[in-house]
There are 4 protein chains.
Amino acid sequence: MEEGRQINVGVLGATGTVGQRFVTLLSAHPWFVIHKLGASPRSAGKTYKEAVNWKQATAMPAGVKGMVVQECKPEHFADCAIVFSGLDADAAGDIETAFRAAELAVFSNAKNYRRDPNVPLIVPFVNPGHLAIIPQQQALHSPPLQKGFIVTNANCSTTGIVIPLAALERAFGPLELLLVTTMQAISGAGYPGVSSLDILDNIVPHIGGEEEKIEWETLKILGGLTETEGEPGRKSFDMHARHPLRVSAACNRVPVIDGHTECVSVRFARRPPPSPQQVREALAAFTPDAKALGCPSAPRYTITVHEEPDRPQPRLDRGYQDGAGVSVGRVRQCPVLDIKFVVLSNNVSIGAATSSIINAELAVLKGVVPA
Amino acid sequence: MEEGRQINVGVLGATGTVGQRFVTLLSAHPWFVIHKLGASPRSAGKTYKEAVNWKQATAMPAGVKGMVVQECKPEHFADCAIVFSGLDADAAGDIETAFRAAELAVFSNAKNYRRDPNVPLIVPFVNPGHLAIIPQQQALHSPPLQKGFIVTNANCSTTGIVIPLAALERAFGPLELLLVTTMQAISGAGYPGVSSLDILDNIVPHIGGEEEKIEWETLKILGGLTETEGEPGRKSFDMHARHPLRVSAACNRVPVIDGHTECVSVRFARRPPPSPQQVREALAAFTPDAKALGCPSAPRYTITVHEEPDRPQPRLDRGYQDGAGVSVGRVRQCPVLDIKFVVLSNNVSIGAATSSIINAELAVLKGVVPA
Amino acid sequence: MEEGRQINVGVLGATGTVGQRFVTLLSAHPWFVIHKLGASPRSAGKTYKEAVNWKQATAMPAGVKGMVVQECKPEHFADCAIVFSGLDADAAGDIETAFRAAELAVFSNAKNYRRDPNVPLIVPFVNPGHLAIIPQQQALHSPPLQKGFIVTNANCSTTGIVIPLAALERAFGPLELLLVTTMQAISGAGYPGVSSLDILDNIVPHIGGEEEKIEWETLKILGGLTETEGEPGRKSFDMHARHPLRVSAACNRVPVIDGHTECVSVRFARRPPPSPQQVREALAAFTPDAKALGCPSAPRYTITVHEEPDRPQPRLDRGYQDGAGVSVGRVRQCPVLDIKFVVLSNNVSIGAATSSIINAELAVLKGVVPA
Amino acid sequence: MEEGRQINVGVLGATGTVGQRFVTLLSAHPWFVIHKLGASPRSAGKTYKEAVNWKQATAMPAGVKGMVVQECKPEHFADCAIVFSGLDADAAGDIETAFRAAELAVFSNAKNYRRDPNVPLIVPFVNPGHLAIIPQQQALHSPPLQKGFIVTNANCSTTGIVIPLAALERAFGPLELLLVTTMQAISGAGYPGVSSLDILDNIVPHIGGEEEKIEWETLKILGGLTETEGEPGRKSFDMHARHPLRVSAACNRVPVIDGHTECVSVRFARRPPPSPQQVREALAAFTPDAKALGCPSAPRYTITVHEEPDRPQPRLDRGYQDGAGVSVGRVRQCPVLDIKFVVLSNNVSIGAATSSIINAELAVLKGVVPA
């Protein structure tokens, strides 16, 4: 960690579920200093302690209790080098645009701009290279921007799987087919989110829009950032087009508090495909740039490969490394595709706020945000 | 229902989880009369009320409370036309063999003889034709048997999916690929079964032997019963060999009391494959022989097709028709195979005791068991 | 049951949690015929099937699916002899008043008028005699009413305990002290009600206003209806005043779907107090007027006394008699007061809609509502 | 913390639920060094990693993975200054006696010797003075012992309440009446412990022997250690005899993983009793000797008093200070006794291993165990 690096940051939607997680993580961050907290007009003017309905299992950090919550207007955040957005989708659209226009660097967990052709959708261990679209995002803005931009991170259920999938593509070349069935924690729906009457002793085999997100985001994240054909100098996301990847997702809500479990089957382009043991080794050996560059929030083990037949399990494994890595287990042959395995990712950590924070760390280390 | 039909039956393993379900269902049965209850030596000699730790959410039927529990020895069950076995696998092997050798008709929920080449593995809405192996089972016994035989029903997670799959094969011809991810209820593991510490706020992505059972049993059930090549007059199960079917299962235990939810993707041999709407219609129209023949425990609707996007759900749908049918929902295209959907089946009803009972009803109606 | 008795009834708040329960129970009722369904203006004009988000574990009754939902205005319900109200408290106040003023007999599950000095608060197995206040309620109305009135039933957690307490007072004379700790099901909070994030793997040791309700309602229900001192001919509820009863309640929300469990300790005025065995016998022998008069929804066993040390349990016992009775277990001496025991009542049945319906049955049988 | 203090300790029952907790806590302890791990003969000879079915939500400490598990025989633990016992009750009796006879200092979480008149039953924030019975325990042993002894800690549900009760007695004098209803976590029953079929969507209103433990242990812990009448020099536990305290407990198992919630009502001898506000202040101000003496595992806040109306809650508050303190909320008047409130204690921390460890720290600081 760099001694003395001190970067003022703001949190938008600070009283919400994702916002509380940002506040918790940032309060213990070696570089980032919470400078401003933004929330709805109803909360503005109150201290954070008064405004928030704190639902974390850890105590509220002492440093934020007395901070006065601001409305989410750029002028209140002018002295923040970075703004993290935990806003709900219905608010995020306009607010994040306004912050970008005011030359603020926005790292957003909201879904609104993930499909924007000039906004990178970054899972920090997978495609930090997509930060290279930012100059184009700024140049195409009207008026062109110097410092303002938006970076999004992926949907929680996408994030969990693309990390091991990226490790596999790096080791064995492109994937061709991906079939995933998710069992997603209730915290993924925010608070109050899922009614207890809907989920106690129950499974809900549907999460609105989730399957589409996995099927689309996976292609943007695992795909390249290339010169646009016929438009020299113009970059675009190729959606894994050179090696078309077909993705099928089935999403379920389960009575688990935190931690998404996903059963994955894949087929590789390469014949013969790698063996389960080769897959295990490639996953365990995967070292992303975020680790190599020294992002302070990157975990020691990006992918933990379990040998026990009944792991990973959300209750036992979601807290490992504070939820910043992912766990993979049960790597075995798939009689239909090539290889199948189970992924566990902590949806409130690497699946949400932790990803935004590491994305910001990457942006600092790469000079996209001035330190 | 046939007026006046009265058939004495026994229940083995009557104090266990499956046995309690047999007792509950048979107490209200129009034909079958519980005549004998068998359990371990430790329970023998006690009244059923004393011997059992009743765990059903319905009251213990009055008629069985005072019945004296017997040891599971054929001589105590000699006057039973049918014996239902809810025995655990570690006891079922020897006891069921002894009962068959004593010329008793055994309908078993245990796994021990499912792979026996002369024992039919019957899901009552799918392959009652496999009862035709029974004469061969009797003839090959030493000494040959007149009345004794064993019929097994399938594993609970297999049962749920083969019913809609059989409906699809009947309507659209053979399947080629099947990928299924299960979310299985705790009651599938018996009592005490799954420790609460293992499953509250958790998923266990592994159930010992379960994936192998689905992958193997599906082929036996959906496959034909054919003349053995080179052995005229000798029948064998063809394991779906004429149209090889590859099956891949991923099994998970979830914190749900009753009801297995399974996410299924299939590929048909036929090109082009049926549309989701054609699949929905074929499923809803499926009418098995058990219904046509008048099995009293066959439900009015074998497959209920849900149109709502978030159904079926175990808590809301497992009790429909007392769990004797299955529910299918979310029929839609699969970007990797052809069609995907969700199946819910009640693992303690059609997934266990109800299947055995309908199998016995079929055997009575087909004259395999004298009425 | 009286052959041929057919009474048209309406249900207010028919799409809500309590309303769905009313609809389920009334669809199978021997006297009452669902004639009108009322809900919010947003639902009015739709069929019930379109308007409702059906959350019952039993199928929607066929007869109501196509009924058109009305706004909750008296003119739409003019031909109903009885109106059941499952309205939320924020709507119930004005609507129930309007219905009463329009000469309709309202049996309400809402809390709004429970404390009204002229409205009876009736637990059907406890204080049907309080129906005698109705003429006064009508006479004091401006203008005086001929047929319109409001009858309320009690809060679900109150209902469960006052039934055994009434049995004890009938057998052993007045109680002096009552200490109760509740463990209340999530369905008591309606839908969406309790967030799953608040209750999975958790207890919430507080339910707003619940302790006050138990402490106050118990006195109104168990107390007498007497001549008001100094006002001949004017009746009032004496709040158990002749034998003051002190009540202390501690209320908790627990992760149980249906069924309130309550740990009760009592002290009797009478010295020496009854023994646990005498208490058990008195509870089991309790036969309320609703049973003697022949209310069709009164259960065969009003209070089921369990001898097993670990019963009653909500999951196993709440469905007994369709939840119309209550279960008591673990009757034993209390080292601090006299006797302690556990009560289980089904909060969505006898704790809500079932009570309203039996109250209406009582009103019919007593001639308060013309049959 | 004392620099350089290094005390070798052993753990008996190291592979069990409580043992795993001992191992987790001791691996991070500033004084105690895990030197030996004991378990059943079946585990002996294996490495800890091989022998244990690790069920903690934190990773297994690196230092113990390769340690070879011993049989629980004193000769293997001869060089341990302290032995912690997480043995099950069926094994603890003989083993702990043998260890004491071999001059080892045993701090036990088992129930076997809690009622022994010469064994102290110590809740570390309440009655460390009871360590003074140890010389008598040693002297009465045959042959008399120099160093060996047994110290027990209390049952988890007792521990939670005696801490605030001790604070109240210190501030306001003796209590007279105590009525407590518990809602206890499944982890209190060990592993596999409670079957998931018994507790999902359910409450079990009975825990074998638990109510008796609370009613008896509370008196031993809160009572004095006095000269035995008529036997000068002989000490005995007075069971709160000078101010008789009547205790009534009702115990329930609830679907919560960790954390016992207890609803308490008390009556003080002193008239008038303290007000709720005085009680709150006394609880918050309570500073036990363990804190004053500098026990490293004593939490900063022994009793956290919550002002929010809906706290404490097990999921949100059990992890505070790693579960070493207790939380109290909802302090208010009790209409039957004087004051009522809710206590939350972490049954696997202060309710089990943490208590044993602080007891050992106290013994070191008081010179009962040589440092």
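Predicted model: local features only at pLDDT ≥ 70, side-chain atom pairs only at ≥ 80, totals over all residues.
How many residue pairs are in polar contact across the interface of chain B and chain A? The rule finds 27, with both residues of a pair at pLDDT 80 or more. A polar contact here is a pair of N or O atoms within 3.5 Å; within protein, one must be able to donate a hydrogen and the other to accept it, and residues adjacent in sequence count only if both atoms are side-chain atoms.

Residues are numbered from 1 along each chain as its sequence is written, chains are lettered from A and ligands numbered from 1 in the order in which they are written, and side-chain values use heavy atoms, with hydrogens and water left out.

Let's stay with chains A and B.

How many residues of chain B are in contact with chain A? There are 47, and they meet 47 residues of chain A, contact meaning heavy atoms within 4.5 Å. About 3600 Å² is buried between chain B and chain A, and carbon and sulfur atoms give 56% of that. Buried area is the accessible area (1.4 Å probe) that two parts lose on being put together, summed over both. D201(B), P205(B) and V336(B) supply 18% of the area that chain B buries against chain A, more than any other three residues.

This interface also has 8 salt bridges, each a side-chain nitrogen of Lys or Arg within 4 Å of a carboxyl oxygen of Asp or Glu. In one of them, E211(A) pairs with R332(B), with the closest N and O atoms 3.0 Å apart. As for elements, β10(B) gives the largest share of the side of chain B that touches chain A, 7 residues. Helices (H or I, at least four residues) and strands (E, at least two) are DSSP runs, numbered from the N terminus.

Now over to chains C and D. Their contact takes 47 residues from each of chain C and chain D, and the count of salt bridges between them is 8. One joins D201(D) to R318(C), at 2.7 Å from N to O. Another runs from R330(C) to E211(D), also with the closest N and O atoms 2.7 Å apart. That pair crosses from strand β13 of chain C to helix α8 (residues 210-222) of chain D. R330(C) is buried, with a relative accessible area of 12%, and E211(D) is buried at 5%. Buried means under 20% relative accessible area, exposed over 50%, and partly exposed in between (1.4 Å probe, protein chains only).

Which residue of chain C forms a salt bridge with K55(A)? The partner is D198(C), with the closest N and O atoms 2.5 Å apart. K55(A) lies in the loop between α2 (48-51) and α3 (62-65) of chain A and D198(C) in helix α7 of chain C, so the pair joins two chains. Both K55(A) and D198(C) are buried.

Over all chains, the structure holds 56 salt bridges.
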